[in-house]
Amino acid sequence: MEEKNDLAKRILTIKKTFDAPLELVWEAWVQPEHIVKWWAPKGMAIKVVKHEFKVGGEWKYTMLMPDGNEFISEGVYSEIVMLKKIITSANFRPMTEGVEMRSLFEKDSDKTHFTFSVVHPTEEYKIQQEKMGFYNGWGSALTRLEALLATLK
Amino acid sequence: METRRDVFQAIADPTRREIIRLIAKQPMNLNAIADNFDVTRPAISNHIRILNECGIIEIEQQGRERYCKIQPANLKEVSDWIGQFNALWEQRLESFEKYVYQLKAKRNKHGRKK
């Protein structure tokens, strides 16, 4: 089975060092007027529907696809340390739900070290979500498809 | 604008996910698939067409019936959906990086206002 790979797959970490001051990087990351400029893939319209930048505050962005369907990104901030750290829950509907996003900022004179990670829910949580129908049948579809693939290989 | 025809498009809709789930069990014809849903037959037919264009299912004509079958080769991509998700983030952060530099350049130009 794929269990061994799973933990590594569960956490995505991207590190970048920007040749730009911390204040500017932070501003570009947290302010709606800037978010709309980089969040959506090229050519996709984005709307910041909600943006309560405080612990317990909700955020929600919607992107309209060419066929009229919407991609929704939303979450609740669970930790904010000004100019240092942001932790938020996040749902990306219809793709994935219940992930945690962590963004860490570190000043290095005129540069900024930035560490971003997305943590997918644990196996147990995933199974629980599937039972509750959070994945709209997608989780179980995946299981069946994998089983099917195994028989065809 | 070019229409997206990829895995994201295929699974972006709950009805399409349900269709994939059904056909994964066994090939089915359009009527049999439509019987599982409350939406109209043309709507189902449209979803099938999209799934077909996304390479997720193939349609086989057998007499008067059209059977929908899962295409295993393209499923690998579907099953690696977390990989897709990660690729999306890589792209997003690249676009963030570009934007940071644009913003920096803009601020430097209007340095006095800062």
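Trainee: In what order do the 3 strands of the open sheet in chain B come, and what makes some of them edge strands?

Mentor: The order is 1-3-2, with antiparallel pairing. Strand 1 (28-29) and strand 2 (57-62) of chain B are called edge strands because each pairs on one side only, where pairing takes at least two DSSP bridges between the strands. Strands here are DSSP runs of E with at least two residues, helices are runs of H or I with at least four, and both are numbered from the N terminus.

By the way, this is a predicted model, where local features need pLDDT of at least 70, side-chain atom pairs need 80 or more, and totals for chains, interfaces and linings use all residues. Residues count from 1 along each chain as its sequence is written, while chains are lettered from A and ligands numbered from 1 in the order they are written.

Trainee: How do you know that strand 1 of chain B is joined to strand 3 of chain B?

Mentor: Count the bridges: there are 2 between strand 1 and strand 3 (residues 65-70) of chain B. The cut-off is at least two, so they pair. In one of these strands, strand 3 of chain B, Cys68(B) is the bridge partner of Met28(B).

Trainee: Which strands does helix 2 of chain B touch, and which does helix 4 of chain B touch?

Mentor: Helix 2 (residues 14-25) of chain B packs on the sheet and touches strands 1, 2 and 3 of chain B, with its direction at about 95 degrees to that of strand 3 of chain B. Helix 4 of chain B also packs there, touching strand 2 and strand 3 of chain B, and its direction makes about 115 degrees with that of strand 2 of chain B. Contact means C-beta atoms, placed from the backbone, within 7 Å. The angles lie between N-to-C directions, from 0 to 180 degrees, with axes fitted to C-alpha atoms, for helices over the stretch in contact.

Trainee: Which residues of helix 4 of chain B are buried, and why are they on the same side?

Mentor: They are Ile44(B), His47(B), Ile48(B), Ile50(B) and Leu51(B). They cover an arc of only 160 degrees around the axis, so they sit on the same side of helix 4 of chain B; the arc is that of the directions from the axis to the C-beta atoms. Pro42(B) and Arg49(B), on the other side of helix 4 of chain B, are exposed.

Trainee: Why is Val99(A) called buried?

Mentor: Buried takes 20 or more other C-beta atoms within 10 Å, exposed takes 12 or fewer, and partly exposed is in between, with C-beta atoms placed from the backbone. Val99(A) has 21, so it is buried. Val99(A) belongs to strand 6 (residues 96-108) of chain A. Neighbours within four places in sequence aside, its contacts are Ala90(A), Val118(A), Val119(A), His120(A) and Pro121(A).

Trainee: And what class do Leu83(A) and Ser109(A) get, buried or exposed or partly exposed?

Mentor: Leu83(A) has 14 such atoms within 10 Å, so it is partly exposed. Ser109(A) has 7 C-beta neighbours inside 10 Å, so it counts as exposed. Leu83(A) lies in the loop between strand 4 (70-81) and strand 5 (85-93) of chain A. Leu83(A) is not a glycine, yet it has a positive phi of about 60 degrees. Ser109(A), also not a glycine, has a positive phi near 45 degrees.

Conventions: Contact = placed C-beta atoms within 7 Å.
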